Amino acid sequence: MTESASPKLLTPEELIPLKARVELSIDKVRPAIQMDGGDVDLIDITPAGMAVVQLRGHCESCSLSPMTMKLGVERLIMEDNPEITSVEQA
C-alpha cells in the first residue's frame, strides 16, 4: 500500500516574503487593469499556497474579468511564484 504525499503547507515565516513577491507580480499587471478603470488586490495566501485576490472597480461588472483573471493576474502570479498552487477570486 502506498501513502499519498500530502502537499507541503507554507509556514507563516514563508508566507510573509511570498506575499511581498505576489504583490510585486500584481504590480506588473495593475497599470493595465487601472487603465480600464479597475484594480486588483491580494487578499491573502493560504498555507496550501492558494492566492486569494479581488478585482475591483470596473472589473467587478466587466464581462471580460474572468479572462483578465486567468490570462493576466493568475498567469503572472503563478509564473513568478512557483509556490502558488492556484489563484482564486474573492
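Helices (H or I, at least four residues) and strands (E, at least two) are DSSP runs, numbered from the N terminus. By that count, the protein chain has 2 helices and 3 strands, and reading along the sequence gives the pattern α-β-β-α-β. The model is a predicted one, in which local features need pLDDT of at least 70 and side-chain atom pairs count only at pLDDT 80 or more, while totals for chains, interfaces and linings use all residues. Residues are numbered from 1 along each chain as its sequence is written, and side-chain values use heavy atoms, with hydrogens and water left out. Along its principal axes, the C-alpha trace of the protein chain spans about 50 × 30 × 20 Å.

Now for the sheet. Strands of a sheet pair through backbone hydrogen bonds, either parallel or antiparallel. Here, two strands count as paired if DSSP finds at least two bridges between them. The 3 strands make an open sheet in the order S1-S2-S3, and the pairing is mixed. Strand S1 (38–45) and strand S3 (86–89) sit at the edges with a single partner strand each, so one side of each has no neighbour in the sheet. From one strand to the next, the twist averages 30 degrees (axes are lines fitted to C-alpha atoms, for helices over the stretch in contact, and angles run from 0 to 180 degrees between N-to-C directions).

S1 and strand S2 (residues 50–57) run antiparallel and are joined by 7 bridges. Across this pairing, Val-40 stands opposite Leu-55 in S2, Asp-41 has Gln-54 as its bridge partner, and Leu-42 faces Val-53. The two strands form a hairpin with 4 residues between them, and Gly-49 in the turn has a positive phi of about 95 degrees.

Together, S2, H2 and S3 make a right-handed β-α-β unit (with the strands pointing away from the viewer, the path from the first strand over the helix to the second runs clockwise).

Last comes a pocket, meaning an open set of points on a 1 Å grid over the protein atoms alone, where a 1.4 Å probe fits, with protein on both sides within 12 Å along at least five of seven lines. The largest pocket holds about 170 Å³ of space, the volume being the space filled by probe spheres set on the points, which are joined across faces, edges and corners. Its lining (residues with an atom within 4 Å of a point) includes Val-29, Asp-36, His-58 and Gly-72.
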